[in-house]
Amino acid sequence: MPQDLTLIHSLLLLGTAFIAGGLNAVAGGGSFITFPTLIFTGVAPIIANATNNTALWIAAIASARAYRQDLNIEKRQLLLLAGTSLVGGVIGSVALLYTSPDVFKKMLPYLLLSATLIFTFSESLKSWLQLQSKNDISTPPPLFILLVSQLAISIYGGFFGAGVGILMLATLTFLGIKNIHSINAFKTLLGSCINGVAIIPFMFANLIAWHQVIIMAVGGSLGGYLCAHFARRLEPNLVRKFVIVVAFGMTTYFFIHG
């Protein structure tokens, strides 16, 4: 377990979680700040991953309630996607439990790089998927294919998680969901399923640093709530560029010092 929290570390976690909450309210990518901060404050990488997952889940639950009226999809598809997300989240989190700290530490720079690239090219991916959806006059892919895709995404989310919301764009786009509020609603709901169920194995394995979770949950919730009021005044592209610079900086750091 991590060392006892100092006042400086507590304030650092609170401040970075507040900033991350604000970033997520505008453009996303808050994990690129909170996850490395946990490591910098003395939390082992696997515990930092589980702790960050838990703090994000708490924030996602609050968002899910706000989006509940936008879940306009066939109930059968909703239940199947949610169930698949739960199964994948369990598989991914259990896989993390059986990954040795040394192996995870070696994987960490590559996981961060993959998440950084996903975030960097997310807008291009989104535009391409929307174009494909408009131009594709054939029947949508079978639900089985979508469920397999969601299962793979959920396993990744349970194991690491950063960038998982962007990956879910493919599943949601090819389901024929066009409304941005509906897309956000489903990303939030399915992400809550993945992160929420992953907490259970983490709890039994005693991998969650609860003091850090509480501090980050408070900071992230305040940041998201307060920044949501000013989010419309900010230029999302500028915020995204800031997150991308930070993400590549963190990735480079872990490649050098990993």
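A patch, as the word is used here, joins residues with over 30% relative accessible area and no salt bridge, and nonpolar side chains are linked within 5 Å. Keep in mind as you look around that this is a predicted model.

With that in hand, start on the surface. Leu 7, Leu 11, Leu 14, Phe 18, Ile 19, Ile 214, Val 218, Leu 222, Tyr 225 and Leu 226 make up a nonpolar patch, and together they have about 980 Å² of accessible area. Two elements give two or more residues each to this patch: helix H1 (7-26) and helix H10 (210-230). An α-helix has 3.6 residues a turn, so residues three or four places apart point the same way. One member to pick out is Leu 11, which sits in helix H1. Leu 11 counts as exposed because its relative accessibility is 51%, and the cut-off for exposed is over 50%.

What does the record say about these stretches? An unreviewed UniProt entry lists "transmembrane region" for several spans, including residues 6-26, 78-98, 189-208 and 214-231. In the model, residues 78-98 are 95% helix and 0% strand, with 31 Å between the end C-alpha atoms. For residues 189-208, the end C-alpha atoms are 22 Å apart, and the span is 80% helix and 0% strand.

Now let's go inside. Thr 51 belongs to helix H3 (residues 45-67). Is Thr 51 buried or exposed? Its relative accessible area is 0%, so Thr 51 is buried. What do the polar atoms of its side chain have beside them? One lies 2.8 Å from the backbone oxygen of Ile 47, and the backbone nitrogen of Ala 209 lies 3.0 Å from a polar atom of this side chain.

Next comes helix H7, which covers residues 143-159. Its 17 residues reach 24 Å from the first C-alpha to the last, close to the 24 Å expected at 1.5 Å a residue. Among the buried residues of H7 are Leu 143, Leu 146, Leu 147, Gln 150, Ile 153 and Ser 154. Tyr 156, Gly 157, Gly 158 and Phe 159 are buried too.

Gly 163 is in the loop between H7 and helix H8 (164-174). Gly 163 counts as buried because its relative accessibility is 18%. Which residue is 5.0 Å from Gly 163, C-alpha to C-alpha? That is Ala 115, 48 residues apart from Gly 163 in sequence.

Technical notes. Residues numbered from 1 in each chain as written. Predicted model: local features only at pLDDT ≥ 70, side-chain atom pairs only at ≥ 80, totals over all residues. Heavy atoms only, no water. Helix = DSSP H or I, 4+ residues; strand = E, 2+ residues; numbered from the N terminus. Expected span 1.5 Å × (residues − 1). Buried < 20%, exposed > 50% of the residue type's maximum accessible area, 1.4 Å probe, protein only. Patch = residues over 30% accessible without salt bridge, like charges linked within 9 Å, V, L, I, M, F, W, Y side chains within 5 Å. Areas by Shrake-Rupley, 256 points an atom, 1.4 Å probe, with all protein chains shown as cover. Salt bridge = Lys/Arg side-chain N within 4 Å of Asp/Glu carboxyl O. UniProt positions renumbered as here; feature names shortened; annotations may be inferred. Polar contact = N/O pair within 3.5 Å; in protein donor to acceptor, adjacent residues only side chain to side chain.
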